[in-house]
Amino acid sequence: MATATLKGNERPTIGEFFLRAPAVGPALALLVAIVVFSLSTDTFLDLDNLSLVVQQSLVVGTLALGQTLIILTAGIDLANAAAMVLATLIMAKLVVGGVSGIWALLLGIVATVVIGMVTGSLVTRIKLPPFIVTLGLLTVLTAAAKLFASGQAVPVADSLLKWLGTRRYLFGGIPITYGMTLALLMYLALWYALTRTPWGKHVYAVGNAPESARLSGIKVNRTILSVYIVAGVIVGIAAWQALGRVPNADPNAFQLGNLDSITAVVLGGASLFGGRGSVLGTMMGALVVAVLRSGLTQLGVDALYQDVATGALLIGAVCVDRFARRQQS
């Protein structure tokens, strides 16, 4: 009894602390990055610049929401950005062809949902590894987007497709866009779904131990398929965010969007082995990536070196995850 009491009163190790509160790490990293760049530049803390940083994080942050769901089930999506780019082209081409903006938007989202269903079906029915499935789809969708657009960007003039980029001023001085509001609502909705519904508990259970989840009565394949479908909806909304940010559908855009979304999720404390992660952590991770790129840009660092820094950040986050797991074990 004394031993049990002693163990109960022991302080958690550093690894156990970060496993229990995965959003703490990215929050600290975000704070450090803001302090460093605010001291290094004169304009980083300007309201307009901070608003711009958040706007720059919207597309990757939305993609990261869908990526969070998939990584929670121990999967990965290398094709989410390619699917999003294809959806922007579908929306833009339909509007150019005379289709109304609302139908173009809905059909673009339907396209990403179909891609999600195909991916989920290959993973659950044929038991192909998510890495292989999405790697193949990345190649297919990238080529399809360039063929569909004949390698040319398509300007978007429809007001609905550009609506998320509309700027308003909060309290008379803080610039925000409708895209920011939509992203916040999406984060809140997904947070509620993952933490307050049986479906969310099933997602975590499947990621932690799929066989145990199956034995406890959870329909593992149905849960995983639903995750890919929901992620498909989110990717479609990310396409809308992209057109609101830049009203131009470019088949060569967001070539590293998939890796940036993975970086945001892993920086947010999610484990690539599944079963651990949070919406709050993902939001922090997406902001860290945006702050890093914005700060380095203001310091005059070349975009290629920014990619190097982002890649190093991803490797470091995975190393921290491994360290935390070893500390726990």
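Where does Phe-254 lie? In this model, Phe-254 sits in the loop between β4 (248-249) and α13 (257-267), with helices (H or I, at least four residues) and strands (E, at least two) taken as DSSP runs numbered from the N terminus. The model is a predicted one, in which local features need pLDDT of at least 70 and side-chain atom pairs count only at pLDDT 80 or more, while totals for chains, interfaces and linings use all residues. Residues are numbered from 1 along each chain as its sequence is written, and side-chain values use heavy atoms, with hydrogens and water left out.

Although Phe-254 is not a glycine, its phi is positive, at about 55°. Phe-254 is partly exposed, with a relative accessible area of 33%; here buried means under 20% relative accessible area, exposed over 50%, and partly exposed in between (1.4 Å probe, protein chains only). Ala-74, also not a glycine, has a positive phi of about 70°. Ala-74 belongs to the loop between α4 and α5 (80-96) and is partly exposed at 39%.

Helix α4 (residues 47-72) holds Ser-57, which is buried, with a relative accessible area of 7%. The side chain of Ser-57 comes to 2.7 Å from the backbone oxygen of Val-54.

Turning to charged pairs, the count comes to three salt bridges, each defined as a side-chain nitrogen of Lys or Arg within 4 Å of a carboxyl oxygen of Asp or Glu. One of them joins the side chains of Arg-214 and Glu-211 (2.3 Å, N to O). Both residues are in helix α11 (residues 210-215), three residues apart, about one turn of the helix. Arg-214 is partly exposed at 45% relative accessibility, and Glu-211 is partly exposed at 43%.

Another salt bridge links Asp-260 with Arg-293 (3.4 Å, N to O). Asp-260 lies in helix α13 and Arg-293 in helix α14 (residues 279-298), so this pair ties together parts that are 33 residues apart in sequence. Asp-260 is buried, at 10% relative accessibility. Arg-293 also forms a salt bridge with Asp-307, the closest N and O atoms being 3.1 Å apart. Because Asp-307 lies in helix α15 (residues 303-328) and Arg-293 in helix α14, the pair ties together parts that are 14 residues apart in sequence. Asp-307 is partly exposed, at 28% relative accessibility. Through shared partners, Asp-260, Arg-293 and Asp-307 are joined by salt bridges into one network.

Notes. A polar contact is a pair of N or O atoms within 3.5 Å; within protein, one must be able to donate a hydrogen and the other to accept it, and residues adjacent in sequence count only if both atoms are side-chain atoms.
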